[in-house]
Amino acid sequence: MAGYKPRVISLTKRPGQTFGFYLRVEQGEDGHLIRCLEMGGPAELAGMKDGDRILRVNGTFVDGLSHSEVVDLVRNSGASVTFHILDEASYKKAKAKGVDLSDSQSTPVANGVVKQPPKPKLCYLVKSSSGYGFSLRSTKGEQGLFMTEVIPGSVADKAGVEVNDRLLEVNGENVEDITHDEAVDKIKLAGSSIMFLLVDQETDRYYQNKRMKIGAWLATAMYLPLQPNITNMTKGSDGYGFLLREEPKQTGHFIKDIDRGSPAQRAGLKEMDRLVAVDGKEVDGCTHEQVVEKIRQSGNKCCLLVVDKDTDEMYTLGKVSPMLFWEEMKALNSPPSYTEALNLPAPVRSPAPVQQREEELKPKLCKMEKTEAGYGFHLNGTQGIFGQYIKEVVKGGAADKAGLEDDDIVVEVNGVNVEQSSHEEVVAMIRSSGDSLEMLVANNSVYNQLKAKGVKITRLLLVETSYVDVHAGNSPEATNELRNEEAARPETPTEPVRERTSSASSSSSEDSIDSIDERF
């Protein structure tokens, strides 16, 4: 099938959800067609297009099967299904040339998403009274410096440092070829804070086998305690509500004079945030006029990447751009235009208990505006003890509407991690936030489960991945509803209106009607 490479798309739906498309056969058209894609549904997000032809369902070649047989294959696959798809133009050309479409070729992936290479990690440590909580070892005859004796609960442990991680950089300087004593001196001279680039054993092997040099440009920023702010704004009647300034003796473009209640304030911009990028384009090195023009060219909506002073200093210490965070978030938030290849059907999984299936291991980002009655919650904690949680959320108040619930554990306040902050410090941060507040929280169960798994709770966990998550199959009730559902969605605008008949009642007369479709 040279020249006709199918896309292979794996879809997953939640209980009560459909895959978000209709499967049709139409008079005068060959093949099983994708129609009426639901915007934002699993199929549309994964890259299915109107008019695409299905060649395989879970590895079974279906181009020669009847509509009802293909419908049964999809239904019987449960909550997850894998399709081999060919676009309409390629399908018609292949048919005209008599190409054998059963000879498909594709590239392996994992669970519907192209498998990404492992990443080294950036770890930021701020020394406590008891030090960093790790040791550095080197072994005669073995190249490299390795982390050891990482004390549980120490600064190093909380920053993501693990035993046997190999040390590549200290504050942006490569240390792979220096001696143990030289590395120790660098760490001692770094002062009270330090940025490491580390690689675990699996990741190290991956890049060594590829003979690739490892640098901070390949790293994940998910372990860093401070994160840049990605703000999406829609222009109001008075613009975005902030000024862009260049400050004396400082490099960069800074946010100033934010108007109260403006789009900028609602989006979380703060005074003296440094602007890093406009709509994904880095602005370091641009003149003031060039940056202003970029914002103007965005029209009525723009996306800004900004950093506050502390976050800026952290990234500067590691000699790495905050654009690293942008690129990582972009990759996580953007579903692939198509998902290439699963050569094997998705594994059959036993149904999970309802409670387990429904609870997602994700925090919540709650944004709220203060009213005359305040935010409408109490912050509980013990003075001098770390760990704060939400209590007495007022029904209908700002906190309630933002999604806060009693016993939610507070992870961040306005983008700053507060897990190791005292009650007094967190209260002061909330009071100083003015009339708008942003809190990253997790309910008690989710928080404890993530901590037990060693997962650092950051905004990176917020990304919606329902189109690739593996969930248990639908309940019998939901399945029964699907089997008896009549297709009732509007036609694709480019298609003439056609009679619709469900496959259950039309499998014996497919040649005598204009079209047959089924919703998935």
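Both phenylalanine 134 and phenylalanine 196 are buried, where buried means under 20% relative accessible area, exposed over 50%, and partly exposed in between (1.4 Å probe, protein chains only). The model described here is predicted, so local features need pLDDT of at least 70 and side-chain atom pairs count only at pLDDT 80 or more, whereas totals for chains, interfaces and linings use all residues. Residues are numbered from 1 along each chain as its sequence is written, and side-chain values use heavy atoms, with hydrogens and water left out.

A pair of aromatic rings is described by the distance of the centres and the angle of the planes. Rings of Phe, Tyr and Trp (its six-membered ring) are paired if their centres lie within 6.5 Å; planes under 30 degrees apart count as stacked, over 60 as edge-to-face and the rest as tilted. Five aromatic pairs are counted by this rule. In one of them, tyrosine 132 and phenylalanine 134 have ring centres 6.2 Å apart and planes at 35°, so the pair is tilted. Tyrosine 132 and phenylalanine 134 are both buried. Phenylalanine 134 also pairs with phenylalanine 196: the centres are 5.6 Å apart and the planes stand at 90°, which makes the pair edge-to-face. This second pair links distant parts of the chain, 62 residues apart, with phenylalanine 134 in the loop between strand 7 (121–126) and strand 8 (135–139) and phenylalanine 196 in strand 12 (residues 193–199). Helices (H or I, at least four residues) and strands (E, at least two) are DSSP runs, numbered from the N terminus. Taken together, ring pairs link Tyr132, Phe134 and Phe196 into a cluster.

Charged side chains come next. Side chains of opposite charge can pair when their charged atoms come close. With a salt bridge defined as a side-chain nitrogen of Lys or Arg within 4 Å of a carboxyl oxygen of Asp or Glu, the count comes to 22 salt bridges. One of these joins arginine 53 to glutamate 29, with the closest N and O atoms 2.9 Å apart. The partners come from distant parts of the chain, 24 residues apart: arginine 53 belongs to strand 4 (residues 53–57), and glutamate 29 to the loop between strand 2 (22–26) and strand 3 (33–35). Arginine 53 is buried because its relative accessible area is 0%, while glutamate 29, at 25%, is partly exposed.

Lysine 92 is partly exposed at 39% relative accessibility, and glutamate 88 is partly exposed at 24%.

Aspartate 407 and lysine 391 meet in a further salt bridge (2.8 Å, N to O). Here too, distant parts of the chain are linked, 16 residues apart, with aspartate 407 in the loop between helix 12 (398–402) and strand 22 (409–413) and lysine 391 in strand 21 (residues 389–391). Aspartate 407 is partly exposed at 34%, as is lysine 391 at 25%. Elsewhere, a network of salt bridges links Arg24, Glu26, Arg35 and Asp50.
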